Amino acid sequence: MTLGSSVVESRGLLAKAGALRDRLRSASVGQLILILLLVVVLGYLIVVPLGNLLWTTLTWSPADVRLHPDASPGAFTLSHWERVMTGRVSEQLVWRPLRNSLVVGVIAAACALVLGAGLAWLLVRTDLPGRKRIRTALVLPYMLPSFAIALAWTTLFRSGSLGGNASAYESLFGQPPPDWLALGPIPIITVVTLHYFPFAFLVVSSALTAYDAQLEECAEILGASRKRILWRITLPIVLPSVASAFVLIFGKALGTFAAVAILGTPAGFDTLATMIYANMTLGLPANAFILALLLIVIASLVVYANSRITRQTSRFVTISGKGFKTNVVSLGPWRWPLFFVVVLIIAIGVVLPIALLVYQSIAIVPGVIDLSNVTSYFWVGESDPEVFRYGEPGVLHNPRILRATWNSIRLAGAGALISAFLGVLIGYLTVRAPWKRLGRLLDQIAFIPYLVPGIALGAVYLSMFAVRRGPIPPLFGTFALLLLLVVINGLPYTTRTGAAAVTQISKELEEAAELYGASPLRRFLRVVLPLTASGVASGAMITFIGIMRELSLLIMVITPSLSVLMSLSFSYTSQDYIQHGNALMLIVVFITMLGEIVLWRFGKGKLARFASKTGD
């Protein structure tokens with residue numbers, strides 16, 4: 001090779017390197033513009049509504065003039081805070097509901113943790129029969145909306161002496177159940193416990209599976225008793241996961257709305273969530289927003305506590321490159337009795353609620369257990385006041401229900417797809433973009449909705465988009481507001497899964513596409529999205545299921561023409577249309593479980609195998 005040809009070749013390589021550098025620079029500028037655009041848009045959709053919520057509590061509104069004739073709309077005032085926190089109604093408005101919320105949250109979280117952790121130990125560390133199938137079945141109660149379990153409870157223990165129809169308890173025993181069993185804190189705590197114990201089970205079982213049982217064997221060889229091993233080895237290792245499960249369940253239980261509205265409000269047992277709904281319904285948004293801010297502060301403290309707890313896991317290295325084993329404890333004569341106890345828990349948590357929903361949807365008189373009391377009218381019948389005094393047609397002939405079903409499916413489908421796509425996009429920009437501080441800012445803004453309980457976020461959006469704000473028209477009563485709300489609410493989850501999926505993709509693949517001249521958009525669509533397809537699909541499916549079950553998030557912004565299955569079921573139940581309310585809940589349960597089956601099969605299908613080959 002001559003010197004001239006070498007020089008020419010070197011110049012060609014330098015030219016290509018320069019062109020590549022220019023393209024990379026232009027790509028970085030494009031990413032910067034996109035990040036800034038997303039920060040502005042999400043800031044307006046997330047941060048500004050929270051600021052508007054706070055400002056509403058500090059200013060007079062036109063509605064306040066009816067109570068305070070001297071009020072000047074828009075003027076600064078602390079009267080709302082004084083009235084809510086220290087006024088004559090403060091005990092009823094905030095302090096009693098706050099105590100009730102804390103009682104429900106703490107006791108339900110503790111009960112769910114004890115039940116879930118006990119089941120986790122049985123299925124991970126013992127020779128309990130049928131552990132694999134039981135493990136799958138124990139997750140099912142978490143798929144059921146807490147509202148469904150609350151409706152099943154009313155079927156069993158609703159007291160005719162407190163108003164409404166009699167229950168199965170009264171039908172079987174000839175007398176109403178005790179008032180404390182029909183309504184109030186005991187039923188609410190039981191329902192919340194049954195709904196959340198699978199979450200504790202999953203968290204604790206993962207911790208028990210992740211550490212090497214040889215640690216326990218070594219202690220046993222050194223003469224330590226089983227009690228000492230439990231307290232000095234097992235519990236310290238799993239304690240961060242146990243504590244994390246407790247605070248997360250506590251945070252979720254604080255914002256529980258449906259179970260309290262059905263089982264607490266009729267008996268005068270209100271929480272912060274139900275008081276927010278009541279004040280918004282009465283046209284007192286400032287009161288509702290102060291309560292919402294209290295919930296947000298508590299939820300933020302819960303998340304902070306969880307982050308501090310999870311940091312403690314770094315103290316323990318439980319998986320290493322050495323041999324790893326799990327130790328199975330023999331249950332001896334307790335093996336089969338404990339098996340039947342676990343099966344009974346599954347039956348109470350899943351089978352019984354669904355069976356009660358089915359029966360209530362076909363019972364002429366709710367609560368009466370008799371084959372002569374069964375009818376198919378509430379599913380397939382047309383309007384007939386002689387069968388049903390209100391003349392409401394059955395599910396398959398009811399335009400309201402069919403419209404609500406369509407609204408639910410299109411809302412969940414569109415919301416899941418948009419939220420999953422935005423999650424991957426934000427995750428990609430957070431992980432890949434060179435603008436790390438802006439990426440972290442974008443990620444933190446997207447995480448904010450996690451700190452806001454659903455009913456509080458719904459109240460914020462109701463206030464923010466009920467009127468025209470600049471070029472944005474009023475969105476209340478439109479499908480766009482519902483879609484916007486579910487997408488924003490899902491971002492904390494989809495951005496985390498999106499970032500995790502992108503992290504698994506080697507930069508070399510994008511660099512190879514860059515060498516072939518692919519634009520940033522083309523690289524994202526043709527390289528990143530296909531490689532994260534399984535994660536995107538799973539995230540979208542999980543979001544779909546969550547939206548189908550959502551009530552507290554949407555209850556504030558739902559209108560009669562835009563009802564979804566959960567809101568219409570709540571409305572029917574509140575109006576004493578027991579059969580229709582239960583039928584709609586069955587439809588939600590069916591779609592939710594179908595979605596779980598699809599998600600499970602999807603995770604075992606082609607995309608998962610493709611992901612395992614590509615390192616996703």
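This is a predicted model: local features need pLDDT of at least 70, side-chain atom pairs count only at pLDDT 80 or more; totals for chains, interfaces and linings use all residues.
Let me begin with Arg437, which is found in helix H18, where helices are DSSP runs of H or I with at least four residues, numbered from the N terminus. Residues are numbered from 1 along each chain as its sequence is written, and side-chain values use heavy atoms, with hydrogens and water left out.

Arg437 has a relative accessible area of 73% and therefore counts as exposed, the terms being buried for under 20%, exposed for over 50% and partly exposed in between, with a 1.4 Å probe and protein chains only. Together with Lys436, Arg440 and Lys507, Arg437 forms a positive surface patch, that is, residues with over 30% relative accessible area and no salt bridge, whose like charges are joined within 9 Å. Helix H18, residues 436–447, gives the most to this patch, with three residues.

Now to the salt bridges, of which the structure holds four; the term stands for a side-chain nitrogen of Lys or Arg within 4 Å of a carboxyl oxygen of Asp or Glu. In one of them, Glu91 pairs with Arg99, and the closest N and O atoms are 2.3 Å apart. Glu91 counts as partly exposed because its relative accessibility is 32%, and Arg99, at 43%, is also partly exposed.

Another joins Arg335 and Asp127 at 3.7 Å, N to O. This pair links distant parts of the chain, with Arg335 in helix H15 (335–362) and Asp127 in the loop between helix H3 (90–125) and helix H4 (131–137), 208 residues apart. Arg335 is partly exposed at 28%, and Asp127 is partly exposed at 22%.

What does the salt bridge between Asp576 and Arg158 tie together? Its closest N and O atoms are 3.4 Å apart, and since Asp576 lies in the loop between helices H24 (565–574) and H25 (578–603) and Arg158 in the loop between helices H6 (146–157) and H7 (168–173), the pair ties together parts that are 418 residues apart in sequence. Here Asp576 is buried, with a relative accessible area of 18%, whereas Arg158 is partly exposed at 25%.

Finally, helix H19, residues 454–465, has 12 residues and reaches 16 Å from its first C-alpha to its last, close to the 16 Å expected at 1.5 Å a residue, the expected span being 1.5 Å times one less than the number of residues. H19 is mostly covered, with 12 of its 12 residues buried, among them Gly454, Tyr461 and Phe465.

How values were computed:
Helices (H or I, at least four residues) and strands (E, at least two) are DSSP runs, numbered from the N terminus. Patches are made of residues with over 30% relative accessible area and no salt bridge: like charges are joined within 9 Å, nonpolar side chains (Val, Leu, Ile, Met, Phe, Trp, Tyr) within 5 Å. Accessible areas come from the Shrake-Rupley method with a 1.4 Å probe; for residues, only the protein chains shown count as cover. Lys and Arg count as positive and Asp and Glu as negative; His and the chain ends are not counted. The place of a charge is taken as NZ of Lys, CZ of Arg, CG of Asp or CD of Glu.
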